[in-house]
Amino acid sequence: MTLANGRPYLAIPGPSVMPDRVLNAMHRASPNIYAGELVEMTESLIPDLRAVARAGGDVAIYVGNGHAAWEAALCNVLSRGDRVLALATGRFGHGWAAMAEGLGAAVEIIDFGKRAPADPGRLRAALQADADHRIRAVLVTHVDTATSIRNDIAALAAERDALGHPALILVDCIASLACDRFEMDAWGADVMVAGSQKGLMTPPGLGLVWFNARAAAARARAGMVTPYWDWAPRTRPGAYYEYFCGTAPTHHLYGLRAALDMIGEEGIEAVWTRHARLAGAVWAAAAAWGAGGPLRLNVAEPAHRSHAVTSMSLPSPHGTALRDWLEREAGVTLGIGLGMAEPGDPAWHGHFRLAHMGHVNAHMTLGALAAMDAALKALDIPHGAGAIDAAAASLAAAPPGQAKPLPAGPMPRVLGT
Ligand SMILES: *Cc1c(COP(=O)(O)O)cnc(C)c1O
């Protein structure tokens, strides 16, 4: 027998949990792609996508995943041979850098390892050394989904601005958008990429690129741009089919419409705070487990941790054993330890990740943590006591700026389904 029968919880950092509202919005007959409701609905997405990113510029939507958005961002602002500086804080920084290299850019990587964010001082030094301004773009991942490191985008862009260096800042928010606070314009990012399947709670299949006027100007001389990836017709379409360079991803768009409605109804500030508080519960549990055993968070400094996903470790092979037990016995699927060790290396079985990304609430995170506590006990993995108490106390504490955890008066509106 197993205790896993019931609603499963896919707690991997993307694809994330899909709300019933998103699924139901997609459950419909094929719409007309030439005129009518779909056309208006598509146009309605753009202001909401701007709002989620605190961005005033343009948004291009591609039929593709995060990698598609990576390629789209690069080829609209670069030419072959252009110098690109990649700030790597885990697997995805290296992946984006490799793609830029594959497209023909001259890429230099500054590797900050797997436990620390990008150091603005080192970006400053690299840009200062580039006196003739040959670096065209700086690539940085807001949240690396493998290490769960979060970078301070505002601090990095401020270094570029203080030097008056013209390099564009391109940010990968695929894991962080609508989870961790991100303010594209105020922070100084020029291009930002995301996918539909993480904080946006929609099936994988849409790659999204936000860009400002500086990036749009770079597009005018970008030699890498190709007809399919060109963002110009997609953001100034003369006809509806130009939005997607062909047939629209109709049902994904209906799903995204519902997801953006949910984010708008909750409010993006509240969405960010919810993720911060759920992450705090995970960290509290991990601290208690780690006080009496080998479980460790990957990122020591709380200010450098993602609010969307938490990367953790146990001595190998306990990480894999824990994931297997949780999936088999509790219906919770944790993420593998991507990029922390290579498959085949025994250390591979020591790393795992818990996502708290998108359509996730207190009972889901507490449930996942309590199931992890049961797994540690069932597998005789040494661990400190009181983790679930600590997580509950963390969630019971008053949220920042609020005197009481439960406001008096009518029940708050809950967007549960
Ligand atoms: C998921 C992810 C990607 C890759 O997205 P795909 O949709 O798998 O192509 C890239 N960067 C980050 C930070 C991610 O979280």
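**Close-up views of the predicted model**

View 1. The structure is a predicted model, in which local features need pLDDT of at least 70 and side-chain atom pairs count only at pLDDT 80 or more, while totals for chains, interfaces and linings use all residues. Residues are numbered from 1 along each chain as its sequence is written, and side-chain values use heavy atoms, with hydrogens and water left out.

View 2. A polar side-chain atom of histidine 67 lies 2.4 Å from an oxygen atom of the ligand; a polar contact is a pair of N or O atoms within 3.5 Å. For glutamine 197, a side-chain N or O atom is 2.7 Å from a ligand oxygen atom, and for lysine 198 the distance from a polar side-chain atom to an oxygen atom of the ligand is 2.7 Å. The protein buries 89% of the 380 Å² that the ligand exposes when taken alone (accessible areas by the Shrake-Rupley method with a 1.4 Å probe).

View 3. Seven strands, 7 in the order β2-β8-β7-β6-β5-β3-β4, form an open sheet with mixed pairing; two strands pair if DSSP finds at least two bridges between them. Strands β2 (58-63) and β4 (106-111) are the edge strands, each pairing on one side only. Strand β3 (residues 83-88) runs parallel to β4 and is joined to it by 6 bridges, with alanine 86 opposite isoleucine 109 in β4. Helix α6 (residues 153-163) packs on the sheet and touches β3, β5 (135-141) and β6 (168-172), where contact means heavy atoms within 4.5 Å.

**View 4. Surroundings of histidine 252.** Histidine 252 belongs to helix α10 (residues 250-266). Apart from its neighbours within four places in sequence, histidine 252 is in contact with Met26, Thr202, Pro203, Pro204, Gly205 and Leu206. The C-alpha atoms of histidine 252 and glycine 205 are separated by 7.3 Å, although these residues are 47 residues apart along the chain.

How values were computed
Helix = DSSP H or I, 4+ residues; strand = E, 2+ residues; numbered from the N terminus. Axes fitted to C-alpha atoms, helices over the stretch in contact; angles between N-to-C directions. Polar contact = N/O pair within 3.5 Å; in protein donor to acceptor, adjacent residues only side chain to side chain.
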